[in-house]
Amino acid sequence: MHDDDDSISSPGGEPSIGDLIARRLSRRSALLGIAGTAAAAVAGSGPASAQKTGPSSFTFGEVAHVNDAMHHVPDGYEVQVLIRWGDPVLADAAAFDPANLSAVTQAKQFGYNNDFLGLHPLPPGSTANDRFLMVVNHEYTNSNLMLAGIGEGREARLRADRRQAEIEMAAHGGAVIEIAREGRRWNVVEGSRYARRIDANTPMRVAGPAAGDARMKTSGDPSGTRVSGMFNNCAGGETPWGTWLTCEENFHVYFQGEQAKHPDQVLAKRYGLGRAPSYAWGKYFDRFDLDKEPNEPNRFGWIVEIDPYDPQWTPAKRTALGRFAHEGCHHAVAKDGRVVCYMGDDARMEYVYKFVTARPWSPTDRAANRDLLDDGTLYVARFDADGRVVWLPLVHGQGPLTAANGFTSQADVVIGARRAADLLKATPMDRPEDIEPNRVNGRVYVALSNNGSRKPEEVNAANPRPKNDHGHILEITPKDGDHAASEGVWEIFIAAGEPGKHAGTKYHPATSANGWLTCPDNVAFDSKGRLWIATDSAEIAGIADGLYACDVAGEGRALPRQFFAAPKGAEVCGPIFTPDDRTLFLAIQHPGEGKGSTFETPSTRWPDFKDGQPPRPAVIAITKKDGGPIGS
Ligand code: FEO
Ligand code: CA
Ligand code: CA
């Protein structure tokens with residue numbers, strides 16, 4: 001998401017560190033004694049092909065920087081549209097008819113603004129490459145492009161009448177679809193018994209330390225354990241036992257009401273409640289009106305766990321993982337079998353987190369993992385100028401997290417995780433988006449999208465650029481290769497922007513005029529552990545959003561090459577490969593977004609290009625025409 005309120009709620013940055021960056025670089029190899037070894041372990045990402053030119057291991061012909069109505073892939077690759085907004089998900093869904101939308105039909109169709117994509121094999125636990133349950137987040141709605149006659153801009157949502165607001169609510173949430181491959185072609189399996197739509201009204205339960213807390217109770221749910229729906233689900237992840245983790249991001253923009261009247265001023269300010277809402281839902285439904293239901297926002301901003309293999313399962317809000325503008329939740333398994341989830345709070349000056357389960361997961365007893373995410377330790381990251389990252393535990397009773405500071409329980413800590421992290425002096429970051437461990441080299445990649453409002457006096461070693469419009473990517477190496485370790489080392493892997501034009505960029509020197517990128521958001525790895533970087537908001541640099549392929553080891557380390565360019569107004573989300581690397585799925589979100597673009601006169605009608613029909617967010621499958629691995 002990039003067109004909503006993400007004003008700064010964090011108390012602010014650290015003092016300037018200036019030349020400490022240089023000092024850190026000279027010291028980091030001495031720290032912990034691990035920096036060089038992991039790189040050596042993966043040097044050389046594969047055999048060179050006949051087409052290989054330059055230091056990159058990738059052999060595709062680079063896509064040019066463009067900004068037009070169409071998508072672009074390299075020669076020799078093909079794009080198939082798998083599913084679009086409004087296509088049937090449930091067996092009895094109506095056909096898409098943009099002139100006659102209704103909440104009832106939308107609730108059975110594919111939702112709007114597909115973001116995270118996950119693949120869960122069928123049969124469960126298999127190494128299949130041909131049949132999956134695909135899980136999809138539907139983050140938000142561009143009502144100006146969905147709804148005829150509503151006008152332009154994000155303000156269009158505030159003009160929605162009750163019927164239109166109900167359509168928006170049904171277009172949020174997520175979807176589970178079954179997909180199967182025949183040859184190179186992917187199809188959605190009609191009538192699948194797994195098919196499911198989740199929306200802003202789906203019954204969910206609250207699990208973990210905040211369940212039943214007084215601040216989770218509303219007039220609609222006096223127990224504080226039952227919530228209606230999820231919304232603004234951005235990126236996500238999966239558990240080792242095959243469930244879907246979907247992340248509630250900018251929940252605060254759905255609530256109207258006055259901040260000054262809110263009974264908890266500390267939380268209301270820290271979470272940005274009561275700023276101008278982005279949706280009209282509060283006009284029609286009391287739960288979206290802070291003046292009537294001040295606790296309702298406490299029930300959003302969580303990681304939601306959903307079992308795609310059981311359509312009857314009630315989604316669980318896993319409150320032990322903290323409450324903030326959750327972007328993603330990718331995991332690694334620690335040496336002792338405990339599960340470690342990496343998470344970003346995507347707002348300017350917010351933090352990087354990880355959660356470590358109390359117990360190891362069981363590969364043989366799926367039921368034993370059912371509530372594993374309810375018990376463990378939440379940590380927030382402090383990136384020191386000497387190159388060390390220290391994970392600080394957010395545990396009630398430890399350090400400043402005591403009654404004297406307003407924390408009387410772990411429920412207080414998780415509901416007010418941002419404030420707890422402030423007290424521990426975590427490092428304010430440049431909008432943490434996806435954070436994903438690389439299973440090949442054991443390192444963790446942190447996409448920091450941008451932060452145009454960081455002042456010169458607010459820079460720190462890990463966020464060294466004031467007015468960072470283009471973002472950067474950090475690379476973390478956990479101590480002793482153990483993701484549960486309380487420290488590690490970090491370095492800046494890429495500092496984005498156009499080399500020679502934007503200050504402070506950092507890439508491999510062979511990066512081409514089409515290979516530089518801006519505003520990194522989602523990341524993924526192919527089976528060789530090579531990094532793929534999707535962007536959001538590249539129009540700030542006059543180019544379309546795209547997907548970039550980048551080596552993390554060997555001669556081509558930190559040398560991105562553009563593989564995909566999105567249609568106008570769209571962001572590239574959810575990159576994920578089949579295990580054999582022969583299909584790459586992408587979620588193309590909000591095509592046609594931007595000033596002046598409306599249902600009637602959109603800036604693109606991608607992907608159908610049908611007269612009178614608006615653009616449609618869609619999931620695409622990219623294959624190589626010769627059937628080979630993507631990127632080669
Ligand atoms: Fe929804 Fe953080 O992008
Ligand atoms: Ca984003
Ligand atoms: Ca995102």
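Trainee: Where is Ser632 found?
Mentor: This model is predicted, and in it Ser632 has a positive phi of about 45° although this residue is not a glycine. Most residues other than glycine have a negative phi. As for its place in the chain, Ser632 is found in the segment after E28.

Trainee: What is the phi of Asp480?
Mentor: Asp480 sits in the loop between strand E20 (472-478) and strand E21 (487-495). Its phi is positive, although Asp480 is a residue other than glycine, and the value is near 55°.

Trainee: Which residue does a cis peptide bond join to Pro607?
Mentor: Pro607 belongs to the loop between strand E27 (583-589) and strand E28 (618-624). Most peptide bonds are trans. Here, however, the bond is cis, with omega about 0°, and the residue joined to Pro607 is Trp606.

Trainee: What is omega for the cis peptide bond between Leu122 and Pro123?
Mentor: Pro123 is placed in the loop between strand E2 (114-121) and strand E3 (131-138). The peptide bond that joins Leu122 to Pro123 is cis, and its omega is about -5°.

Trainee: Which element gives the most to the lining of the largest pocket?
Mentor: The largest pocket holds about 1000 Å³ of space, and 44 residues line it, with Leu119, Glu238, Arg439, Ile576 and Phe577 nearest its centre. Among the elements that give two or more residues to this lining are E2, strand E9 (233-238) and strand E26 (571-577). With seven residues, the element that gives the most is E2.

Trainee: How many residues of that lining are charged?
Mentor: The lining of the largest pocket is made up of 20 nonpolar and 16 polar residues together with a charged group. The number of charged residues in this lining is eight.

How values were computed. Residues are numbered from 1 along each chain as its sequence is written. Chains are lettered from A and ligands numbered from 1 in the order in which they are written. This is a predicted model: local features need pLDDT of at least 70, side-chain atom pairs count only at pLDDT 80 or more; totals for chains, interfaces and linings use all residues. Side-chain values use heavy atoms; hydrogens and water are left out. Helices (H or I, at least four residues) and strands (E, at least two) are DSSP runs, numbered from the N terminus. On a 1 Å grid over the protein atoms alone, a cavity is a set of points where a 1.4 Å probe fits but cannot get out, and a pocket is an open set with protein on both sides within 12 Å along at least five of seven lines; lining residues have an atom within 4 Å of a point. Grid points are joined across faces, edges and corners, and a volume is the space filled by probe spheres set on the points. Ala, Val, Leu, Ile, Met, Phe, Trp, Tyr, Cys and Pro count as nonpolar, Asp, Glu, Lys and Arg as charged, and the others, Gly among them, as polar.
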